[in-house]
Structures are given as C-alpha cells and as structure tokens.
Amino acid sequence: MVSSVDTRVEQEHRPVTPSPAPQASATAHRRGSVLGDPAFLRLWAGTTASGLATWALPFILGLALLDRSLTAVGLGIVLAARTAGFLAAVPVGGMLADRHSRRGVVLWSGLAAAAATPVVAAGLGRSVALMALAAAVVGVGQGACRPAFQALTAEVVDEPRRQSANAAVTFAVRVTTLLAPGLVALLSVAVSTPALVLATAALWLAAAVLPARGAAALTPKGARAPFSAEFADGVREARRHPWFLAGLAALTTVIATGYSATGVALPLVSRETYGTEAVLAAALTAYTAGAMGGALLIARWRPKAQGWAALAGLACYGFAPLSLLLPVHPAAVITAYVLAGIGIELFNVPWFTATQREVEPAKLARVSSLDFLLSYGLAPVGLALIAPAIAAFGTGPVLGFCALACFAAPAAAALAPGARGFSRPAPEVRGA
C-alpha cells in the first residue's frame, strides 16, 4: 500500500498560489501539457526510478530462494530491516525536506540507497546480517526521499497541472509493476541475482541525480527549531485540515484490512476454492490494470465534489475481500480487483494533489511524512495480524470484517469538515 507538493501560502485563512519555481513557471507559459515540461519529465523519471527500485528488491531477493543463496527466514529478516529503515527515516526525511532544499534531500537519500545496495548484493550467500544492515540503509534512503519527492512536485509543477502530474507518476509506477516481473524473470535466466540487485542501485542513482532543481530551503537557518518541535509543528499543521486526518484514517484502515486480505487471504482462496494459482495471478494483474485505468481517468476528470469522489473510489477496495467471501465465478473476483485498482487511484491522485494544494508549503514534507508513516507503516501490522485472525475466526468472518471496514471508513471520513472538496471550508462572512 503504496504512499503519495504545493507552494501555496495562507492569507486571511484562504490559500493563495504564489509564483511557481522558475523552471515550472517558464515552461508553463510555453506548453499546456505537463508531459511537455522538461523539469517535470526529469522529476517523473527520478520518481519512477525510485518506485521501481523499491518494488524490485523484494522480487529479486525472492529469486535468491531458488538458488538457495538466501533462506526464507533470511529474506524475511532483510525485508524487515528495510521496512524498519523506511519507518525510521520517513519523519526525519520530512523534517529535513522542510528545513533544506527538497532537491538536496532527494539527492542524498538516493545516493545513500545506491551506495548500500551493492552491499546487499555482496552479502548474498555470505552474511544475512550484512544484508540486513545494508537493507536498513536502503530503507532509510527510500523513506527519506518519499516526502521530499512529494514536496518537490509542488515546486516543479504549477498548481493547475499538478493532478495530471501526479497521475502520470502513479501510471508509470503501475506500468512497471505490471511488466517488470516478467522482464526480471527473463533476465534471471542470463543474469545472476547479485547483478539484478546491482541494477536497482543504478535505479537509485538515477532517482538521485535526475530530478530538476526546485526552490531553495523554505525555512531560514536562524528560524529552525529542534527536530521534536518541528515534528510537532507538522502534526499541528495536519490537524488544521480535518479532511486530511479523516482521509488518512480511512486510507490506513483500508490498507491495514483490504490490502492484508489481498496479501494473505487471496492466495488461500485461490488454492482452496478454485484449486489453482491462476485466480491469484489474474486478480493481481486485474488490480494493476485497473489502477492504470484509474490513473488515466483521474488525469483529466475533475469532479465537483472531488473529495467525496476520491473517498468513494477508496471504498471500492472493499469489493476485493467481498469477492473472496463466497465461491463465485473467477470473473467476479477479477472484476472486483479491477474496481479496487480503479478506485485506489481515483483516491491517491486527488489526495496527493489536495495535500500539495492545501498544506502550508514550509510544512508540506512533514505532513506528507505523516501520510506515509501511518498508511504504509501500519500495513505490515495488518499483514502480521490477518493470518492469526483467519486461524482463530475463519476466513469468512475475517474477510467480512475487512470488507465492512473498507466500506465504512471512507464513508465516515466523508462526514469530516472539508471532505467534500478536500479543502478547508472558507470562513463565513458576516454582515455588519
């Protein structure tokens, strides 16, 4: 579950858009489409490279199980270390990106991940401890760059084109996750697993150096507070936006329940109900294809009640566990996962865009870090709990609970102030 900024300031309680970064401003006058903006294309390429590197490492290390250079326990330790590094670095990365140049944070976090990845490759078949230590550093780089990338998007792309930009980024990530497994499997026939791991280092290097320069640091050096105070300031900024807190709670609930059902229950149902792993493969492919379609749709669609439409899309994830409750035709399961994929991008893209628009620019990376920390940080907790829950209560009750949670959480979030448009309501103007 996947996690993912605006240069607006508030004046008299209403957001006002300042001039974008020089590169974005000049290009905006020359071209209408964000895909014709060289500064955005560089950012898009860097973001895509980081996303592909993040996705590819677990898949490649899984191949190491086949040649027995890594055990299942070792794989779990290495991936857990990477996740720990990610969770530790996300809030720190958000604060650094608000203190310093967002471009600089992307550079150094990408270089850290690129430098640590060859150590992961060197540890294959030799030392799980060395691999875990290096994977933790890769996770630090991954976590630090996430909020910085979010904030850098707002600096490079002007506000009217930002939703299209976010859709282009998520579409690219979905395409790579759809096509890359087959490509990696083909490469593994001729290329060793350590060499494939090294290829992800090249992706991290590209993520570090490709993005264009954004704005300078938004926080003057003399005005910087201790890290704890800056983190608390980011939390206060998030609390100023009730729609953000409600949407984040809904997203966290859906990822912790619906995503866990996909990760644990879908393989079980595919084997026990349908007697084949083909349903598992088809459902996951359908989800990715649906997400690609959702990204294409939301790149141009601007519903009037954008927040409500986004939350309705998020609720569509409930169809995934719901389809696994009864022995329906496999086509029903595949359709449910298509709807879940479409819906998740109908939520993600407006969510990122609204956060970039509404949050105070100097605090945007910190608020984005809260998003990644809670939504994606709690996903492993859901994955860890769902298998014991299925053992204790049975597959049906657990899937029913997951489906209900996926439908109910976005519905509850829609009641929050500002949820209709993912924006702070304008203050009432009273007559004399």
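Okay, Ala405: this one sits in helix 16, where helices are DSSP runs of H or I, at least four residues long, numbered from the N terminus. Is Ala405 buried or exposed? Its relative accessibility is 12%, so Ala405 counts as buried; the cut-offs are under 20% relative accessible area for buried, over 50% for exposed, and partly exposed in between, with a 1.4 Å probe and protein chains only.

Quick housekeeping: this is a predicted model, so local features need pLDDT of at least 70 and side-chain atom pairs count only at pLDDT 80 or more, while totals for chains, interfaces and linings use all residues. Residues are numbered from 1 along each chain as its sequence is written, and side-chain values use heavy atoms, with hydrogens and water left out.

Back to Ala405. Which residues is Ala405 in contact with, leaving aside neighbours within four places in sequence? Those are Thr253, Thr257 and Pro410, with contact meaning heavy atoms within 4.5 Å. There's also Tyr317, 88 residues away along the chain, with 9.9 Å between its C-alpha atom and that of Ala405.

Thr257 turns up again in the packing of helix 9 on helix 15. Helix 15 covers residues 379-393, and the two helices pack at about 50 degrees with axes 8 Å apart. The crossing is right-handed, that is, the near helix is turned clockwise from the far one by less than a right angle, with anticlockwise being left-handed. On the helix 15 side, the contact includes Gly382, Leu383 and Ile386. By class we have 12 nonpolar residues, four polar and no charged, counting Ala, Val, Leu, Ile, Met, Phe, Trp, Tyr, Cys and Pro as nonpolar, Asp, Glu, Lys and Arg as charged, and the others, Gly among them, as polar.

Now the second pair: helix 11, residues 306-315, and helix 13, residues 330-358, pack at about 140 degrees, axes 7 Å apart. They are therefore oblique to each other too, but this crossing is left-handed. Among the residues that meet are Gln306 and Leu311 in helix 11, and Phe347 and Arg357 in helix 13.

On to the cores. A nonpolar core is a set of buried Ala, Val, Leu, Ile, Met, Phe, Trp, Tyr and Cys residues joined through side-chain atoms within 4.5 Å. The largest has 101 residues, and Leu61 and Tyr337 have the most contacts inside it. Helix 9, residues 242-272, gives the most to this core, with 13 residues. What does Tyr337 touch, not counting residues up to four places away in sequence? The list includes Thr262, Leu266, Ala283 and Tyr287.

Last stop, Phe422, in the segment after helix 16. Its phi is near 50 degrees, a positive value in a residue other than glycine. Most residues other than glycine have a negative phi. Phe422 is also buried, at 0% relative accessible area.

Technical notes:
Axes fitted to C-alpha atoms, helices over the stretch in contact; angles between N-to-C directions. Parallel < 35°, antiparallel > 145°, perpendicular 65-115°, else oblique.
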